[in-house]
Each structure stands twice: as structure tokens, then as C-alpha cells.
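Have the viewer open as you go.

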Amino acid sequence: MSFFRRYAQNVGALVGLAILVVVIIVAAAAPILYPVSPWQGIGDPLLGPFEDSAFPLGTDMLGRDIAAGLAYGARVSLLIGVISTAVAVLIGVSLGAVAGYYGGRVDDLLMRFTEFFQTIPAFAMAVVLVAIFSPTITSITLAIAVVSWPPVARLVRGEFLSLRSREFVQAAIVIGQTGPRIMLTQILPNAISPIIVTASLMVATAILTESSLSFLGLGDRNMMSWGFMIGAARTMLREAWWLSVFPGVAILVTVLAINLIGEGLNDAMNPHLRGRKG
């Protein structure tokens, strides 16, 4: 309960959590709120916001409901953001834990491998991977995960290097516990706080990356996304501003909310801040 009290002390984090909950609810209820496909034109083209009560956010050049596009786009952004982050964290934690615990040549080899990925611009690599394997939800998710794991690996390596010499780890070695068991049951639970904070921020970065890919035409053509909506309307910014502004605001608000949550988690889980505030 003390964790929740510390988290609640950060007003921005509470606001971010409230916003994210609303986005999740809208995404989950999209098929109920908008049973018609967001790709289908159901109104007059280029209706402005609030011109027609049936389309409060207006319609695009093909008569598609902007509000429906935002709701279905939220599903894509959250799905890709969460799954790609989970895969990246799994890869990063696995490699970082092995490098930090065993050290020596294993550490050198894995860190050189990690640095190789870090020398290539992340977004450029994502573009290349998606273009090679054709744009689908699966390829986009895997591409974002592939370019996102190195910072997690370096973070986990540092945590494991500092924790492997602690007394409780040495005691586990003395009683005969194996290396993998020590990493999973002794060291990882003590290193989980910075991993959670980093993962929360990675979700926001993944959403931005997916939106950028969709803006460039590298999104899944069967799934409506915020980036696609902005990209499709970029030539009509002056004539129909709402086509780009509303999905842009959706991206901004969602990413801001996740960053605020990450800041709140850091305040609640960081032992130095905890001691200073407590």
C-alpha cells in the first residue's frame, strides 16, 4: 500500500494514469462504439468537427468517421506498444542478466553484440526491417522490439554487476544454487524497479515509432492507425486541418500520459527518492 501512496503523491502521474485508462477503455470498446469498419465511408466527405452530430470529429476525404479511426487506431498503438516492449524487455533482460552475472568473455561478447545494434540508428533499422518483411502488425511489432532492447540489456547488465557481489547472492552460491536460479530468484527481483520504469517509457517510444512508420506508408494496410491518418491527410492540412490535428493530439496525449506514469513509477520505486520524500 505504501507504493500506491507514494505514486499518488505525484499528481501528474495520477492524471497520466487517468488518461491512459480512458484511452484503453475507448480502444477496448471501439467495436461497440463504432460497429462499422473505420475504412468504410459512411458520411459526406470533409465534414468539419461538430457540423454533423453523427460525426462529432468530422469525416475525411472519403467520408470516413474520424472518431472511429481514432478509436480503432488506439487499439493498434497500444497493442504494438505493449507487445513490442514486452519482447524487447525479454530480450534485453536475458542478455543483460547473463552478461552481468557471468562477466568476463561472456560479458565482452554480449556487450559487443549489443553495441553493434546501438551503432545503427534505431528508426532507420526499423524502416528497413519492416520494408523487407512487408508491413504487418507482426513485422512492425518485431521490428520495434529488435531496435528497442539494447538499452534494457545495458541497464540490466549494470544492475547485475552491482548485485552479484552482495551477501545474499554469495549465500545462494554457497548453498549450491545454480546460476540461472540465482539470476531469477535472487538478483532479478532486486533489479526489477528500474526495468519497470524503463519499460513504461519504452511503450511511449514504441507508439511514436509505429506512428512514424505508418506515416511513411509502412503500417499494416488492414489496420487503421493514428500515423496512417496523419500521413493520408498531410496534403490537406490547410483545407481540412482536423484530419491531421485530431490523430496528432491522440498521439501526443497518449505518449504524454505514459511518460507521466513512468515518472510516477520512478518516484514510487526509486529508493533514493523514497528516502528523500519519506
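## Around Arg64

Leaving aside neighbours within four places in sequence, Arg64 is in contact with Pro38, Trp39, Gln40, Gly41, Gly58 and Thr59. Keep in mind that this is a predicted model. Arg64 itself sits in the loop between helix H3 (30–33) and helix H4 (66–102).

Is Arg64 buried or exposed? Its relative accessibility is 10%, so Arg64 counts as buried, the cut-off being under 20%. Its side chain also makes a polar contact with the side chain of Asp60, at 2.6 Å.

## Overall build

Of the 278 residues, 46% are buried.

## The annotated spans

In an unreviewed entry, UniProt lists residues 12–34, 79–102, 122–147, 195–219 and 240–261 under "transmembrane region". Two of these are worth a look in the model. Residues 12–34 are 91% helix and 0% strand, with their end C-alpha atoms 31 Å apart. Residues 122–147 are 88% helix and 0% strand, but here the end C-alpha atoms lie 5 Å apart.

## Helix H7 and its kink

Helix H7 covers residues 137–163, which is 27 residues. From first C-alpha to last it reaches 38 Å, close to the 39 Å expected at 1.5 Å a residue. There's still a bend in H7: a kink of about 35° lies at Ser148, shortly before the proline Pro150.

## Val253 in H11

Val253 is found in helix H11 (residues 242–269). With a relative accessible area of 31%, Val253 is partly exposed.

## How confident is the predictor?

The chain averages a pLDDT of 91, and 97% of the residues score at least 70. Among the elements, helix H2 (residues 11–28) has the highest mean pLDDT, 96, while helix H12 (residues 271–277) has the lowest, 49.

Over residues 274–278, pLDDT stays under 50. The model has five contacts beyond four places in sequence for that stretch.

Conventions: Residues numbered from 1 in each chain as written. Predicted model: local features only at pLDDT ≥ 70, side-chain atom pairs only at ≥ 80, totals over all residues. Heavy atoms only, no water. UniProt positions renumbered as here; feature names shortened; annotations may be inferred. Helix = DSSP H or I, 4+ residues; strand = E, 2+ residues; numbered from the N terminus. Expected span 1.5 Å × (residues − 1). Bend = angle between axes of the 7 residues up to and from the residue. Buried < 20%, exposed > 50% of the residue type's maximum accessible area, 1.4 Å probe, protein only. Polar contact = N/O pair within 3.5 Å; in protein donor to acceptor, adjacent residues only side chain to side chain. Contact = heavy atoms within 4.5 Å. pLDDT = per-residue confidence, 0-100.
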